[in-house]
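Visitor: I have not looked at this one before. Can you walk me through it?
Guide: Go ahead and ask as we look.

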Amino acid sequence: MEATNLLYRDPALCDVVQSDSSSAGMCQTLIELHRPDARTLVDFGCGTGRDLEILAKRFECIGVDLQPGIVGYAHQARPGLDIRTGDMRTARLGKRLDVVTCMGNSLAYVHDNEEIGQVFATFAAHAGPGALLVLCSPVAPITRTEPTTATVDTPRGPATVTVRHEWDLRTQINTMHRHWVLPSGDEAQDKIRRRVLFPRELERYANGAGFEVLDMLDGTGAGLTGSTAYTVARYTRR
């Protein structure tokens, strides 16, 4: 994954670029709405721990991420957090918690149907009675083909980023091609492939693992109108 994404090769840059993320706030809102008594939380695909640091002010948290480099950075940047290296297809922490989260499009990096089922089995293996599952993932493709260019502030100055997307309906893979021109003048290329799970697919995977979907929303207040949505579900098995 590091080879395909500059932000994974440079976790400090990732922290800066994604500093305006609203995922932790949305997650807290959904938990307060559906499980206000929640005390414990595990976040699969926690990355640098940026969101986990916010959630840890309210919950007893564990973070899990696949990439050792990201986890190492998280240990240095946020030494008070419990962040572990692990694969969310197979991870077993030996405990069940009140909330299971998977945000930042982490689920979208799992492309194979069987492996997606394994991820949901991991969610279920860590869900206590009545636990909430909160996901943030693509639910519709980005189909525009024309490139867009933006300026991104980095610790070393402004960078220019040009992005274009490809959509493969057969595989349901959205590929993001991202070209960076860094403040140093160096350039970098990203090729990021994300699986889109449509809402009814998400519901089927969740139901199969013992979760009942309570809501899907994209944060606009207008239902599902964007390409990315939050899914909140409750674990119904004992």
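Visitor: Which residues of helix H7 are buried?
Guide: This is a predicted model. In helix H7, residues 199-208, the buried ones are Leu202, Tyr205 and Ala206.

Visitor: Where do they sit around the axis of H7?
Guide: Looking down the axis of H7, its buried residues fall within an arc of 100°, so they line one face of the helix.

Visitor: And what does the face turned away from the buried side of H7 carry?
Guide: That face has the exposed residues Arg200, Arg204 and Gly208.

Visitor: What about H3, which residues are buried there?
Guide: Ser23, Ala24, Met26, Cys27, Leu30, Ile31 and His34 are buried in H3. Down the axis of H3, its buried residues fall within an arc of 165°, so these too line one face of the helix.

Visitor: How far does H3 reach from its first C-alpha to its last?
Guide: H3 reaches 16 Å with its 12 residues, which is close to the 16 Å expected at 1.5 Å a residue.

Visitor: Switching to charges. How many salt bridges does the structure hold?
Guide: There are 14 salt bridges. Side chains of opposite charge can pair when their charged atoms come close.

Visitor: Which residue forms a salt bridge with Asp98?
Guide: Arg35 does, and the closest N and O atoms of the two are 3.4 Å apart. The pair links distant parts of the chain, 63 residues apart. Asp98 is in strand S4, residues 97-102, while Arg35 is in the loop between helix H3 (23-34) and strand S1 (40-44).

Visitor: Are Asp98 and Arg35 buried or exposed?
Guide: Asp98 is buried, and Arg35 is buried as well.

Visitor: What does Arg178 meet in a salt bridge?
Guide: The side chain of Arg178 meets that of Asp190, at 2.8 Å from N to O. This pair also links distant parts of the chain, with Arg178 in strand S8 (residues 173-181) and Asp190 in strand S9 (residues 187-195), 12 residues apart. Arg178 and Asp190 are buried.

Visitor: And which side chain meets Glu201 in a salt bridge?
Guide: That of Arg195, at 3.5 Å from N to O. Arg195 is buried, with a relative accessible area of 6%. Glu201 counts as partly exposed, because its relative accessibility is 21% and buried means under 20%.

Visitor: Which residues do salt bridges with shared partners join into one network?
Guide: Asp15, Glu53 and Arg78 are joined that way.

Visitor: What lines the largest cavity?
Guide: Its lining is made up of Leu107, Ala108, Val110, Ile116, Ser137, Pro138, Arg195, Val196 and Leu197. Arg195 is also the salt-bridge partner of Glu201.

Visitor: How do the lining residues divide by type?
Guide: The lining of the largest cavity has 7 nonpolar residues, 1 polar and 1 charged.

Visitor: What about the backbone? Which residue other than glycine has a positive phi near 70°?
Guide: Asn105 does. Most residues other than glycine have a negative phi, and most peptide bonds are trans. Asn105 lies in the loop between S4 and helix H6 (113-125). Asn105 is buried, with a relative accessible area of 15%.

Visitor: How far apart are Asn105 and Leu135?
Guide: In sequence, Asn105 and Leu135 are 30 residues apart, and in space they are 8.4 Å apart, C-alpha to C-alpha.

Visitor: And what is the phi of Gln172?
Guide: Gln172 is not a glycine, yet its phi is positive at about 60°. Gln172 lies in the loop between strand S7 (157-168) and S8. Its relative accessibility is 15%, so Gln172 counts as buried.

Visitor: One last residue. Where does Asp82 lie?
Guide: Asp82 is in the loop between helix H5 (68-77) and strand S3 (83-85). With a relative accessible area of 30%, Asp82 is partly exposed. Asp82 and Leu52 are 30 residues apart in sequence and 9.4 Å apart in space, C-alpha to C-alpha.

Technical notes. Residues are numbered from 1 along each chain as its sequence is written. This is a predicted model: local features need pLDDT of at least 70, side-chain atom pairs count only at pLDDT 80 or more; totals for chains, interfaces and linings use all residues. Side-chain values use heavy atoms; hydrogens and water are left out. A salt bridge is a side-chain nitrogen of Lys or Arg within 4 Å of a carboxyl oxygen of Asp or Glu. Helices (H or I, at least four residues) and strands (E, at least two) are DSSP runs, numbered from the N terminus. Buried means under 20% relative accessible area, exposed over 50%, partly exposed in between (1.4 Å probe, protein chains only). On a 1 Å grid over the protein atoms alone, a cavity is a set of points where a 1.4 Å probe fits but cannot get out, and a pocket is an open set with protein on both sides within 12 Å along at least five of seven lines; lining residues have an atom within 4 Å of a point. Ala, Val, Leu, Ile, Met, Phe, Trp, Tyr, Cys and Pro count as nonpolar, Asp, Glu, Lys and Arg as charged, and the others, Gly among them, as polar. The expected span of a helix is 1.5 Å times one less than its number of residues. The arc is that of the directions from the helix axis to the C-beta atoms.
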